[in-house]
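Here is a short briefing for a reader who is new to this structure. Take a look at the model first, then read on by topic.

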Amino acid sequence: MRGGEKVLEALCDIFPTADIYTHVFDPRAISDKLKAHRIQTTFIGSMPYAKKLYKRYLPLMPMALEQIDLAAYDLVISSESGPAKGIIPTSPAMHVCYCHSPMRYIWNMYNRYYESSGLMTRLMMPPMAHYLRTWDVATANRVDEFVANSTTVAHRIRSYYRREASVINPPVDTGAFRPVHASELGDYYLMVGELVSYKRPDLAVEAFNRLKAKLVVIGGGEMLDHLKKIAGPTVTILGSQPFDSLKHHYARCKALIFPGEEDFGIVPVEAMASGRPVIAYGRGGATETVVANKTGMFFQNQTVEELIDAVQRMEKLDFNPTDAVSRAADFRREVFINRFRTFIERATGTELAASA
């Protein structure tokens, strides 16, 4: 239940009788709200070890998507950061694509994925990526309306597909987070997220090793063991944590460290909803949520030196937690539902029933 699934939950509130199609479905991993809908999988779901190794079946996903029979529907919404928009809706059905990002591993982050892959993957990536890029661009014409989750993603859609996109930020459950009194604040900085290379957790760890300042890292992922090895005495790697622990650390940190480039980035909004500032890399979605020198601080190059400089500047910022909470409220769940509902009504010329 990550950002994409939270978007799907909100879409289900707008369309309470909608059917859901997906490649792989693990009922243990999703919410009761999603399980209440009729869910159908493509043939990918019946492949060996699909629930664990679904990414390995990426080359087969275009074929699987094109086999979905959508003849019964007059509105199809694809929610994707992969190839989901490649479905074939039946004319005159409307196809709206809510795009979290064009596929990162074949477009804007191809080289980073390639360099961090093993030998066999690197041998296969160039021809596979070429095939997927060709298919991905061609299937953009199957979409009637694009909606991007950020201006950053709208720019990618224009660059790769030559299509314009409306921008509707994804829903964030800001009401789940609360600030604490200043007397409860801790003496540590915090990094939260999946521990993968493009999010640059190594940059945060190295910077706080050098600063000899306290950093707490929450999250699991392929870099977890590596980060534990390089972490100095002031850096605590907690790994994955339950939601209550996450909320506790958000509300009491000195600031959130956000060193990667994200399409939107829900984590900075959750930190601001907790009344805490954000120190973020000055590219991507964070530049659309964090207000410079008010709810946080930016650094412009992903280097240890620049992150250290941003931390030191943050220490001097006259920060008001109320400003952060107010900014986070701009991205609350109700805003997404109202804006997306209005968008669909305008696109289809049909007034939707009230949400459940």
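UniProt positions are given in the numbering used here, feature names are shortened, and annotations may be inferred rather than shown by experiment. With that in mind, the unreviewed UniProt entry annotates residues 2–174 as "domain: Glycosyltransferase subfamily 4-like N-terminal". The model is predicted: local features need pLDDT of at least 70, side-chain atom pairs count only at pLDDT 80 or more, and totals for chains, interfaces and linings use all residues. Residues are numbered from 1 along each chain as its sequence is written, and side-chain values use heavy atoms, with hydrogens and water left out.

**Annotated region**

- Helices (H or I, at least four residues) and strands (E, at least two) are DSSP runs, numbered from the N terminus.
- Residues 2–174 are 37% helix and 14% strand.
- The end C-alpha atoms of this stretch are 15 Å apart.

**Aromatic pairs**

- Rings of Phe, Tyr and Trp (its six-membered ring) pair if their centres lie within 6.5 Å; planes under 30 degrees apart count as stacked, over 60 as edge-to-face and the rest as tilted.
- The structure has twelve aromatic pairs.
- One of them joins Tyr98 and Phe336 edge-to-face, at 5.7 Å centre to centre and 90° between the planes.
- This pair links distant parts of the chain, 238 residues apart: Tyr98 is in strand E4 (residues 94–99) and Phe336 in helix H15 (residues 333–348).
- Tyr98 is buried (under 20% relative accessible area; exposed is over 50%, partly exposed in between, with a 1.4 Å probe and protein chains only), and its value is 0%.
- Phe336 is buried too, at 1%.
- Phe146 and Tyr161 form a stacked pair, with 5.7 Å centre to centre and 25° between the planes.
- Phe146 sits in strand E5 (residues 145–148) and Tyr161 in helix H7 (residues 151–161), 15 residues apart.
- Both Phe146 and Tyr161 are buried.
- One aromatic cluster is formed by Tyr98, Phe336, Phe340 and Phe343.

**Salt bridges**

- A salt bridge is a side-chain nitrogen of Lys or Arg within 4 Å of a carboxyl oxygen of Asp or Glu.
- The whole structure has 22 salt bridges.
- Glu194 pairs with Arg2, with the closest N and O atoms 3.0 Å apart.
- Glu194 lies in the loop between strand E7 (189–192) and helix H8 (201–211), and Arg2 in the segment before helix H1 (3–14), so the bridge ties together parts 192 residues apart in sequence.
- Glu194 is partly exposed at 29%, whereas Arg2 is exposed at 53%.
- Glu9 and Lys6 also form a salt bridge (3.9 Å, N to O).
- These two are three residues apart in helix H1, about one helical turn.
- Glu9 counts as buried at 11%, while Lys6 is partly exposed at 36%.
- Arg252 bridges to Glu184, with the closest N and O atoms 2.9 Å apart.
- Arg252 is in helix H10 (residues 243–252) and Glu184 in the loop between strand E6 (165–167) and E7, so this pair ties together parts 68 residues apart in sequence.
- Arg252 is buried at 18%; Glu184 is partly exposed at 39%.

**Glu262**

- Glu262 lies in the loop between strand E10 (256–258) and helix H11 (266–273).
- Glu262 is buried, with a relative accessible area of 10%.
- Contact means heavy atoms within 4.5 Å.
- Leaving out residues up to four places away in sequence, Glu262 touches Tyr198, Lys199, Gly284 and Gly285.
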